[in-house]
Amino acid sequence: MAVMAAQKSVILYPSLGVGHLNPMVELAKLFLRRGLAVVIAVVDSPDKDSVSADAIARLAAANPDIAFRLLPVPSCGREDYPHAVMRIMDVMRVANPALREFLMGALPDVEALVLDMFCADALDVAAELGIPSYFFFASALSYLAIMLRLPEYYPTVPSSFKDMPETALHFPGVPPIRALDMAATLQDRDSDMAKARLAQCTRMLEARGILVNSFDWLESRALEALRCGLCTPGRSTPPVHCIGPLVLPGNTGGISERHACLEWLDTQPDRSVVFLSFGSLGRFSTAQLREMARGLENSGQRFLWVVRNPPEHQSNSAEPDLGSLLPEGFLERTRERGFVVKNWAPQSEVLRHPSIGGFATHCGWNSALEGIASGVPMICWPLYAEQRMNKVLMVEEMKVGVAMEGYEEELVKAEEVETKVRLVMASDEGEELRQKVMVAKEMAVDALKTGASSDVAFDEFLTDLQKNRT
Ligand code: UDP
């Protein structure tokens, strides 16, 4: 293990949203363990998706060894963008002057900058100030492989994947992906969004290296394809380091802060509860919530379900009125075997609880890794961003989950919810799935051990970092 003297700081620069911040916090811990100082510079924007200053203060209190620095920035003025990704990239662009000012003040004690995947424009600031830059890719390595390949791939197919929804697309190192399962941002190659997304991704090649929240075993084919240059023909790829899985620890709060749903799980039999949670942003229509409720009730299985207000409701964080959202009498009828949490559950702790036997997830990459790290078979119900692509990887390549059918339609029916919950929780097929996830879990644990792939990959990255000093 390479140990470095704690002189200069590495600056970690996440984009918006807990899904990008949480793994950066775990990355910061890797640096600290190697004796390197880190600062997480967090953009504090009035725009949607910005993690609140209060939440950052709580995170800082829970991680006293990590320095957090808030960078206040004005609104990007694009609340009207239909896709969050465009807005996030704009916010990060607007944040460049604040980042520059902060870095100017911190020089010469800045070792390097580690940028989130949506922060490519910050490369210009780093270049101006002579700071070595790396990227941290907080999604699947396969997704990176696909995006890097797209500039050559796009001209070979119709301009919109929507014109060929069922066609299987073939990319090096990943399973065939139906066009309609490609990331929402990449569906129309001539759209501003796809162009902006690809431009950002292509700029990642300018960095000294790309850290990825994955591990070699999990995505070995994609890693091979990237390393052989199959994803970037005629272009050079910087070193790719799979240093994960970086997931939230199983215990994020003290005993006094223990969530009521964990107390409830304590009273349930081992592996008997299916957990339903759909990321930091996932919301369903009232009609869909009712189908889910009927499916859960008819499955006869125990469940722990995170419920939020439907999208037509103005606020994401307002408390949902469960009585009016869910079918009449549902809560009473399932009281003995169900627990509904409003808005937010301590997911990583829940997943590691022995009572959990299955996980219905939106396939956000952090959730997928948390499911794997906990050895819990998954029901894949993708909602937004690149989650449909992740679903393909989880079901076809990693074989850690089954797909919910009908997620492309307006409504997933109660019967389908019931079928998949039963499959995962109470069938031979579910048991086989569990065995496969348990293998993936063991491989995940192994990858992080001293001298194993993720540990070595991080050391290789640190060796490159040290070269900058000479
Ligand atoms: N999360 C949580 N409780 C919830 C919902 C989400 O703790 O009720 C956490 C989850 O454990 C994960 C993150 O929020 O670490 C969500 O990241 P992911 O990449 O899965 O999805 P995103 O929110 O970015 O779509």
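Is Thr185 buried or exposed, and what is its relative accessible area? Select Thr185 to begin: with a relative accessible area of 5%, Thr185 is buried, a word used here for residues under 20% relative accessible area, while exposed means over 50% and partly exposed lies in between (1.4 Å probe, protein chains only). The model on screen is predicted, so local features need pLDDT of at least 70 and side-chain atom pairs count only at pLDDT 80 or more, whereas totals for chains, interfaces and linings use all residues. Residues are numbered from 1 along each chain as its sequence is written, and side-chain values use heavy atoms, with hydrogens and water left out.

Stay with Thr185, which sits in the loop between β7 (177-178) and α7 (192-203); helices (H or I, at least four residues) and strands (E, at least two) are DSSP runs, numbered from the N terminus. Not counting residues up to four places away in sequence, Thr185 touches Val85, Tyr143, Ser191, Met193, Ala194 and Arg197, where contact means heavy atoms within 4.5 Å.

Next, turn to the aromatic rings. A search of the whole structure finds 15 aromatic pairs, counted when rings of Phe, Tyr and Trp (its six-membered ring) have centres within 6.5 Å, with planes under 30 degrees apart called stacked, over 60 edge-to-face and the rest tilted. Select Tyr153 and Phe171, whose ring centres are 4.4 Å apart and whose planes meet at 40 degrees, so that the pair is tilted. This pair links distant parts of the chain, since Tyr153 belongs to helix α6 (residues 141-153) and Phe171 to the loop between β6 (168-169) and β7, 18 residues apart. Tyr153 is buried at a relative accessible area of 13%, and Phe171 is buried at 5%.

Then select Phe278 and Trp381, an edge-to-face aromatic pair with 5.7 Å centre to centre and 80 degrees between the planes. Phe278 lies in the loop between β10 (273-277) and α10 (286-299) and Trp381 in the loop between β14 (378-380) and α15 (387-397), so the pair ties together parts 103 residues apart in sequence.

Finish at Phe31, which forms one aromatic cluster with Tyr134, Phe458 and Phe461. Not counting residues up to four places away in sequence, the contacts of Phe31 include Val10, Leu12, Val114 and Leu465.
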